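Subject: Structure handover

Hello,

Here is the structure you were waiting for. Please open it first, then read my notes below.

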Amino acid sequence: MTNSELLEIANEYGTPTYVYDASITIEQYNKLHNAFSPLDVKLHYALKALNNVNILRILKKEGAGLDAVSVQEIMLGLRAGFEPHDIMYTPNCVSFDEIREAVELGVYINIDNLNMLEKFGNEYGNSVPCCIRINPHIMAGGNSNISVGHIDSKFGISIHQLRHIVRLSEHFDMNIIGLHMHTGSDIIDADVFLRGASLLYEAAQEFRDLKFLDFGSGFKVGYKEGDIVTDIETIGKKIAESFQEFCKRYGRDLELWFEPGKYIVSECGKLLVKTNVVKQTTSTVFVGVNSGQNHLLRPMFYNAYHEIENISNPNGEKRLYSIVGNICESDTFGYDRLLAEVRENDILAIHNAGAYGFTMSNQYNARLRPAEVMWFNGKAHLIRKRETLEDLYRNEVEIPELV
Ligand SMILES: *Cc1c(COP(=O)(O)O)cnc(C)c1O
């Protein structure tokens, strides 16, 4: 997508608008898939990153399955046309009723605590297969907010409780078909990854009916120039090798699964915003735009860096700005950025906004969520309308005496 195509989109659909380039989604999916060849790795796209039905359908066409973390996400997947057996349900701290619902929908269930495993065994015995989420206690990723495999993490069943997992599964004659680990985002080091994997290989020897091992996700993407990114070719090769050796020891070929979110959809997405004001204060030149942390939470929530570009005045002289939103919070997209000179009404593109952008957006300050547009087959398609005032109070119920 060129800048002039982006400007046309901003012009036609207004701002703020999320724009996704479908070809980049497809390219990322295939890059990841091919990195593990000769293994035919199964990728379950983690739809919490971006769940528009058109993104889901594009990935389905490429051969992806889905990783869902709520029953509602399962329903979105089924609505997009996925078969139940292409969906893995990986919940955390949900009620057993929600597990039951998922069983009835026919999806794979990933169990993440011992009580739930015991209940599951009690209720279903070996009539419903399940997968077990193991916490290998590998410290991966740079930021403790996105690292979910450490000792204090709420996720998974500790590898140290393996003996009890085995005891329960034997007692209830359970059909354990998969072992899973997801150690968190931003894995850049194949050796860290392989350390977790080797613990899973060892644990796998306790279960004879396995169909797959699922290594979760954590593939890092570059947010700014010079960022260390997952070297997917190297990691893929190393993991494929170690997995094939494991299969030999296990005595049978298993499937290798992953559940990437960010890697698949981060780079395809940009948030287009318009400049409302350029405001010089005593210390800073602020660019105030018609969006904010309610639309893209990552900078404020994770201290994430997103590249910002002035696409309507690309040849302007470079100047130093802080780019802020219109929400009544400190609400900053980026501090001290060099941008081509920004004027009122200039359109800025915030890059790498496909993953955890729209899906984390909200209506704080009674502002409306943005529209979503997909660049597909050489043209722009509106794939979600901008919200309207009515969306803000649609579910409100008025007390008659107060009217
Ligand atoms: C969020 C999540 C993922 C995806 O993580 P990314 O960093 O976006 O690739 C995968 N698996 C599970 C269980 C998750 O919760």
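Start with Arg 343. Arg 343 counts as partly exposed, at 38% relative accessibility. (Buried means under 20% relative accessible area, exposed over 50%, and partly exposed in between, with a 1.4 Å probe and protein chains only.) The side chain of Arg 343 meets that of Asp 346 in a salt bridge, 2.9 Å from N to O. A salt bridge here is a side-chain nitrogen of Lys or Arg within 4 Å of a carboxyl oxygen of Asp or Glu. Asp 346 is buried, with a relative accessible area of 3%.

Before you go further, some ground rules. This is a predicted model, where local features need pLDDT of at least 70 and side-chain atom pairs count only at pLDDT 80 or more, while totals for chains, interfaces and linings use all residues. Residues are numbered from 1 along each chain as its sequence is written, and side-chain values use heavy atoms, with hydrogens and water left out.

Other salt bridges

The search of the whole structure finds 8 salt bridges. One of them joins Arg 384 and Glu 372, at 2.6 Å from N to O. This pair links distant parts of the chain. Arg 384 sits in strand S18 (residues 379–384) and Glu 372 in strand S17, 12 residues apart. (Helices, H or I with at least four residues, and strands, E with at least two, are DSSP runs numbered from the N terminus.) Arg 384 is partly exposed at 30% relative accessibility. Glu 372 is buried, with a relative accessible area of 0%.

Asp 97 and Arg 100 form another salt bridge, and their closest N and O atoms are 2.7 Å apart. Both residues belong to helix H5 (residues 96–105). They are 3 residues apart, about one turn of the helix. Arg 100 is partly exposed, with a relative accessible area of 28%. Glu 123 joins Asp 97 and Arg 100 in a network of salt bridges.

The two domains

The domain assignment gives domain 1 (51–260) and domain 2 (266–386). These bounds come from an automatic or database domain assignment. The C-alpha centres of the two domains lie 34 Å apart.

How much area do domain 1 and domain 2 bury between them? The figure is about 1,200 Å², with 56% of it on carbon and sulfur atoms. Buried area is the accessible area (1.4 Å probe) that two parts lose on being put together, summed over both. Asn 52, Tyr 223 and Lys 224 supply 46% of the area that domain 1 buries against domain 2, more than any other three residues.

In contacts, 13 residues of domain 1 meet 15 residues of domain 2. Contact means heavy atoms within 4.5 Å.

Asn 352 lies in the loop between strand S16 (347–350) and strand S17 (371–376). Asn 352 counts as buried, at 10% relative accessibility. Its side chain makes a polar contact of 3.4 Å with the side chain of Ser 266. Leaving out residues up to four places away in sequence, Asn 352 touches several others, including Val 221, Gly 222, Tyr 223 and His 306.

Glu 387 is in the loop between S18 and helix H12 (389–393). Glu 387 is buried, with a relative accessible area of 15%. Its side chain makes polar contacts with the side chains of Arg 369 at 2.7 Å and Gln 363 at 3.1 Å.

Met 1 lies in the segment before helix H1 (3–13). Met 1 is partly exposed, with a relative accessible area of 28%. Beyond its neighbours within four places in sequence, Met 1 contacts residues including Leu 6, Tyr 20 and Trp 375.

Best wishes

How values were computed:
Polar contact = N/O pair within 3.5 Å; in protein donor to acceptor, adjacent residues only side chain to side chain.
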